[in-house]
Amino acid sequence: MERAARSISDEKTAQMVIGANGLSVRCTGAWIVRGIAQLEQHLTRITWPEAGDLVFDCSDLTALDTSGAWLLQRTVRELEQRGRRITIIGLRPQFVSLLQLVASCTMMPQSAPAALPNLLTRIGRQSWQVWLNMSGMLAFIGETASILLYSCLQPRRIRWRAILHNLQTAGFEALPIVGLLSLLMGLVIAYQGADQLQRFGANIFIADLVGLSMMRELSPLLTAIIVAGRSGSAYAAEIGTMKVTEEIDALRTIGVGPTELLVLPKLLALIIALPLLTVFADITGVLGGMIMARSKLDVSFDVFINRLGDAVRLSSFLTGVGKAPVFAAIIALVGCYQGFQVTGSADSVGRQTTVSVVQAIFLVILSDALFSIVFNWLNI
Amino acid sequence: MSTAPEQTGDEVIAIRNLCTRFGNNVVHDNISLTVQPGEIFALVGGSGCGKSTLLRTILLLQLPVSGSIRVFGREVLGLNDEQALPLRHRFGVMFERGALFSALTVTENVAMVLREHTQLDPNMIAQIAALKIALTGLPADAGLKYPSELSGGMRKRAALARAIALDPELLFLDEPTAGLDPLSAAGIDDLVRSLRDALGLTIMLVTHDLDLLWRVADRVAVLGEGHILGVGTMTELSKMDHPIIKDYFYGPRGRAASEQAWKRK
């Protein structure tokens, strides 16, 4: 039989001491949420007297809160379940009512957390999620396309003001960052190529290298990735937050289609803005190449530009710019779709925003690869 | 209950000459208030009269222009977060829209407070969290749900469960019954009373609910035009002459609530 709890001199700490006769139990100290941690640990190891009725003497209890009352209540109930009779004495009146309040609560049965599903289940669920996501995306594209068609038939329903606003935020305001990154990209390509070209005395071909790689591939891709990170994520977060605050539902009840108001202006604005941004990226990229060509290869600006006209055919430029509207559609649709997928909570907004950027960039690069294959077939 | 004496030294909250401004908009102009231990103190007033601002100022979420606020005898203005922590352990706050963490279930919301501030083991924390949830009258399965899956009334109760997680000595309730059906609101009335009676809490609440005021508030302060227009029990206030107070308590809804209260007596 364990005689007593470790004697802890601190008045603040809750204690339970089994008396010498083994049948009277003294509860002392402050049984409050910050003082019962040790006692609770101690109670799990305590050995109760074998038999007999127990008396809990609570006259030295200095404080009791719901957590302490719960601990007392739990201890008493566990002993009662083992067929013991418990009497509590010396409890102050307000503590009695607290104990009654706690005892009157019907507690939720402790449900164990669901076991982790096995590998097969997880694969199945994941695939189902992917399938749902894909079919949902297709449905969304279809819906948007049909509303777009409808709007084209009734042009006054198109919200020009919203389109202009989106052009400003997604297009014009992206100019500095797109320009700067593209300039750096042009510089880097020229710098990397300069050594190789110099070795063959083919300095002038720097124009071919920078012009073709920037205009055909890099600037559309670079611009699309920047815009996906800048605007695609903003679309998802904006629509997602509107979903959380029930603004989307409010729009529906007012009789304004959320797709028409929120998606179409973004889609149309981005389809206009992204090719323009791409052209801007072409210009600054080539400028970067020119700067590097002059400083490292002694190719002056006018020689570079003359060569550029021969090296880059119109079709190369157009294939680059032509990809941009497709990228724009992907970014806008994925961003908006993920925004609509938000359910209820703040972390859902964060999750869908992340998904929107990752998916948009993935699909942009994938479609770029498809373009390459198609252009190769067509010999462009 | 009579009006409490001014500044005896053992008041839970003592506000003196508090002034708050947003730009040129004066919200509080020289406000003084005291809240006694164990009382249920209500702040009322029209929308935008600065009730919630006063609450936020006491909670150190907002800085006033001048004045002093003493909570448990300690000046709170000018405390940094670290110094305020022992004080905050003794507060429980229920925000108007719940402010539950949406990424956590209701049980986790309550348990999180316990986990951060006590050394209890996880099993015990789960049990105490379940107890608090049961105390607020939520159904048994609500604990496993996320806030977004709850109705407005249930969210209020869950927020209350989190506010009382650490058995605070001082509980702030911002609009505890707003948006609840009459039955749930009455449940909150009883809950507030029984919490006060059983735990000896001091409760400060902001409300528009006249039934709640008649049923649970020991003292009520009416805020308006940047001043305290009147402090006292509901019966005392209802006899005051100030036009705003009269409008407040003797509007059509005020009358119905006071008649109800008389009938109960």
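Q: What makes N30(B), found in a strand of chain B, count as partly exposed?
A: N30(B) lies in strand β2 (residues 25-35) of chain B; a strand is a DSSP run of E with at least two residues, a helix a run of H or I with at least four, both numbered from the N terminus. A residue is buried if 20 or more other C-beta atoms, placed from the backbone, lie within 10 Å of its own, exposed if 12 or fewer, and partly exposed in between. N30(B) has 14 such neighbours, and therefore falls in the middle class. Its phi is positive, about 60°, although N30(B) is not a glycine. The model is predicted: local features need pLDDT of at least 70 and side-chain atom pairs count only at pLDDT 80 or more, whereas totals for chains, interfaces and linings use all residues. Residues are numbered from 1 along each chain as its sequence is written, while chains are lettered from A and ligands numbered from 1 in the order in which they are written.

Q: Why does N17(B) count as partly exposed?
A: N17(B) has 13 C-beta neighbours inside 10 Å, so the partly exposed class applies. This residue belongs to strand β1 (residues 13-22) of chain B. N17(B) is not a glycine, yet its phi is positive, about 45°.

Q: Why is P275(A) called buried?
A: P275(A) has 21 other C-beta atoms within 10 Å, and is therefore buried. P275(A) sits in helix α9 (residues 258-297) of chain A. Leaving aside residues up to four places away in sequence, P275(A) touches V321(A), A324(A) and P325(A); contact requires C-beta atoms, placed from the backbone, to lie within 7 Å. The C-alpha atoms of P275(A) and G19(A), 256 residues apart along the chain, are separated by 86 Å.

Q: What makes the span of helix α2 of chain A agree with expectation?
A: The expected span is 1.5 Å times one less than the number of residues. For the 16 residues of α2(A) (residues 66-81) this gives 22 Å, and the end C-alpha atoms are 22 Å apart, so the two agree. Among the buried residues of α2(A) are W70(A), L71(A) and L72(A). The buried residues of this helix pack against elements of chain A, including β3 (54-64), together with α4 (122-135) and α6 (182-199) of chain B. After α2(A) comes G83(A), with a positive phi near 85°.

Q: Which elements of chain B give two or more residues to the side that touches chain A?
A: In the interface, 27 residues of chain B are in contact with 27 residues of chain A. The contributing elements are α4 and α6 of chain B, and α4(B) gives the most, with nine residues.

Q: Why is chain B called as compact as a globular protein of its length?
A: Chain B has 10 helices and 10 strands. The radius of gyration is taken over C-alpha atoms, and the globule rule is 2.2 Å times the number of residues to the power 0.38. For 265 residues the rule gives 18 Å, and chain B has a radius close to this, 18 Å, so the description holds. Of these 265 residues, 45% are buried.

Q: Why is chain A called more spread out than a compact globule?
A: Chain A has 12 helices and four strands. Its radius of gyration is 36 Å, well over the 21 Å that the rule gives for 380 residues, so chain A is more spread out. The C-alpha trace of chain A spans about 110 × 60 × 40 Å along its principal axes, and 34% of the residues of chain A count as buried.

Notes. Contact = placed C-beta atoms within 7 Å.
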